[in-house]
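Visitor: Can you walk me through this one? I'd like to start with the strands and go on to side chains.

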Amino acid sequence: TVCGTPFGVKMFIDGVLVVDFSEIETENGKICPAKNAGLFKGDVIKSIDGTEVFTNEDVSEAIENSEGKTLEIKAVREGKEVCVFVKPEMLSDQSGYKAGFWVRDSSAGIGTVTFYDPENLSFGGLGHAVCDADTGKILPFSSGEIVEATITDVHKGIPGDPGELCGAFIGTENLGTVKINNETGLYGTL
């Protein structure tokens, strides 16, 4: 069945995605421990010192509780596992330890269902991949869900700019699961 029905999508990253770096002010000047250690934008952190991480809070807690001890960070970069050693530094105002990187653990947005197959309950939507706004790469995800949404505004696309649907999620009921996020869109089961 050809659709065009709006939907909301919530996607949870398989680990925690490094989206940017910033220098931190220490007693020895401005530095970025994570970048200096070899962490890259787009790396997906899987564990810190042997403990799996799933949320932004998991990463913050590990950094803040490090007491300046070097941390072993295992991540996935372009499909390969990498290991970097990051030594968090005390901020110059003595307010805590930081490592100078920003992370994301999930993403959400609004789109439209392109087709629905009532025989096997499968659907396809969007017509393009869900990409991370900071890295520009296809969002690596462990799970995703579809929820009901309403469209409140449309920004028409023009050549070079695909446009945007603006809206809001309605309720919290999970209407389906996302199984694939690739160049041609989202696919899953309703």
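Strands and hairpin

Guide: Strands β6 and β7 run antiparallel and are joined by 7 bridges. Strands here are DSSP runs of E with at least two residues, helices are runs of H or I with at least four, and both are numbered from the N terminus. Two strands pair if DSSP finds at least two bridges between them. This is a predicted model, in which local features need pLDDT of at least 70 and side-chain atom pairs count only at pLDDT 80 or more, while totals for chains, interfaces and linings use all residues. Residues are numbered from 1 along each chain as its sequence is written, and side-chain values use heavy atoms, with hydrogens and water left out.

Visitor: How many residues sit between β6 and β7 in the hairpin?

Guide: The hairpin has 2 residues between the strands, and Glu78 in the turn has a positive phi of about 50 degrees. Across the pairing, Val76 stands opposite Glu81 in β7.

Visitor: And how does β4 pair with β6?

Guide: Antiparallel, over 4 bridges. Ile45 is opposite Ala75 in β6.

Visitor: OK, the core. Which residues touch the most other members of the largest one?

Guide: Leu39, Ile45, Val59 and Phe101 do, in a core of 20 residues. A nonpolar core here is a set of buried Ala, Val, Leu, Ile, Met, Phe, Trp, Tyr and Cys residues joined through side-chain atoms within 4.5 Å. Buried means under 20% relative accessible area, exposed over 50% and partly exposed in between, with a 1.4 Å probe and protein chains only. Two or more residues each come from β1, β4 (44–48), α2 (56–64), β6 (71–77), β7 (80–86) and β10.

Visitor: What is Phe101 in contact with?

Guide: Leaving aside neighbours within four places in sequence, Phe101 contacts Val18, Asp20, Phe21, Ala34, Leu39, Ile45, Val59 and Ile63. Contact means heavy atoms within 4.5 Å.

Visitor: Switching to aromatics. How many pairs?

Guide: The count is 2 aromatic pairs. Rings of Phe, Tyr and Trp (its six-membered ring) pair if their centres lie within 6.5 Å; planes under 30 degrees apart are stacked, over 60 edge-to-face, and the rest tilted. Phe7 and Phe123 are edge-to-face, at 6.2 Å centre to centre with 65 degrees between the planes. Phe7 is in strand β1 (residues 2–21) and Phe123 in strand β11 (residues 122–125), so this pair ties together parts 116 residues apart in sequence.

Visitor: Are Phe7 and Phe123 buried or exposed?

Guide: Phe7 is buried at 2% relative accessible area, and Phe123 is buried at 1%.

Visitor: What about Phe115 and Tyr187?

Guide: Their ring centres are 6.4 Å apart and the planes are at 45 degrees, so the pair is tilted. Phe115 belongs to strand β10 (residues 101–117) and Tyr187 to strand β14 (residues 185–189), 72 residues apart. Phe115 is partly exposed at 34%, and Tyr187 is partly exposed at 23%.

Visitor: Now charges. How many salt bridges?

Guide: The whole structure has 8 salt bridges, each a side-chain nitrogen of Lys or Arg within 4 Å of a carboxyl oxygen of Asp or Glu. In one of them, Lys46 meets Asp14 at 3.0 Å, N to O. Lys46 is in strand β4 and Asp14 in strand β1, so the pair ties together parts 32 residues apart in sequence.

Visitor: Where does Arg77 come in?

Guide: Arg77 forms a salt bridge with Asp43, with the closest N and O atoms 2.8 Å apart. Arg77 is in strand β6, and Asp43 is in the loop between α1 (33–37) and β4, 34 residues away. Asp43 is buried at 0% relative accessible area, whereas Arg77 is partly exposed at 23%.

Visitor: And Asp49, which residue does it meet?

Guide: Asp49 meets Lys69 in a salt bridge at 2.8 Å, N to O. Asp49 lies in the loop between β4 and β5 (51–52), Lys69 in the loop between α2 and β6, 20 residues apart. Elsewhere, salt bridges that share partners join Arg104, Asp132 and Asp134 into one network.
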